[in-house]
Amino acid sequence: MDLAKALAELREQRDDLNQAIVSLERLASGRPRGRGRPPGRSTASTRKRAAIPSSGVPNRVKTASE
């Protein structure tokens with residue numbers, strides 16, 4: 001194996017290791033990037049809805065016989 005070929009292989013391994021390190025640092029930061037919706041966006045755009053009573057009839061007044 002000549003020296004130039006050995007250096008080329010070591011450089012390839014170094015590049016692979018650098019990519020692995022960057023990926024692990026992103027995972028360790030707790031914020032994976034590139035997939036899905038950014039956190040907090042879904043709650044900002046949703047509206048609060050009025051609760052429907054379990055009886056299914058809104059604003060029902062209970063009588064004395066109930």
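User: Where does Glu9 lie in this predicted model?

Analyst: Glu9 lies in helix H1.

User: Why is Glu9 called partly exposed?

Analyst: Its relative accessible area is 35%. Buried means under 20% and exposed means over 50%. Glu9, at 35%, falls in between, so it counts as partly exposed.

User: What makes the surface patch that includes Glu9 negative?

Analyst: Glu9 gathers there with Glu12, Asp15 and Asp16. Asp and Glu count as negative, so the patch carries negative charge.

User: Which helix holds Leu10, and why is Leu10 called exposed?

Analyst: Leu10 is found in helix H1, residues 3-28. Its relative accessibility is 52%. The cut-off for exposed is over 50%, so Leu10 counts as exposed.

User: What makes the patch at Leu10 nonpolar?

Analyst: Leu3, Leu7 and Leu10 make this patch, at about 310 Å². Leu is on the list of nonpolar side chains, so the patch is called nonpolar.

User: How do you know that the span of H1 agrees with its number of residues?

Analyst: H1 has 26 residues.

User: What follows H1?

Analyst: Gly30 follows H1. The phi of Gly30 is positive, near 85 degrees.

User: How many helices and strands does the chain have?

Analyst: The chain has two helices and zero strands.

User: What share of the chain counts as buried?

Analyst: Of the 66 residues, 0% count as buried. The cut-off for buried is under 20% relative accessible area.

User: What is the accessible surface of the chain?

Analyst: It comes to about 7,000 Å². Carbon and sulfur atoms hold 53% of that surface.

Methods. Residues are numbered from 1 along each chain as its sequence is written. This is a predicted model: local features need pLDDT of at least 70, side-chain atom pairs count only at pLDDT 80 or more; totals for chains, interfaces and linings use all residues. Side-chain values use heavy atoms; hydrogens and water are left out. Helices (H or I, at least four residues) and strands (E, at least two) are DSSP runs, numbered from the N terminus. Buried means under 20% relative accessible area, exposed over 50%, partly exposed in between (1.4 Å probe, protein chains only). Accessible areas come from the Shrake-Rupley method with a 1.4 Å probe; for residues, only the protein chains shown count as cover. Patches are made of residues with over 30% relative accessible area and no salt bridge: like charges are joined within 9 Å, nonpolar side chains (Val, Leu, Ile, Met, Phe, Trp, Tyr) within 5 Å. A salt bridge is a side-chain nitrogen of Lys or Arg within 4 Å of a carboxyl oxygen of Asp or Glu. The expected span of a helix is 1.5 Å times one less than its number of residues. The place of a charge is taken as NZ of Lys, CZ of Arg, CG of Asp or CD of Glu.
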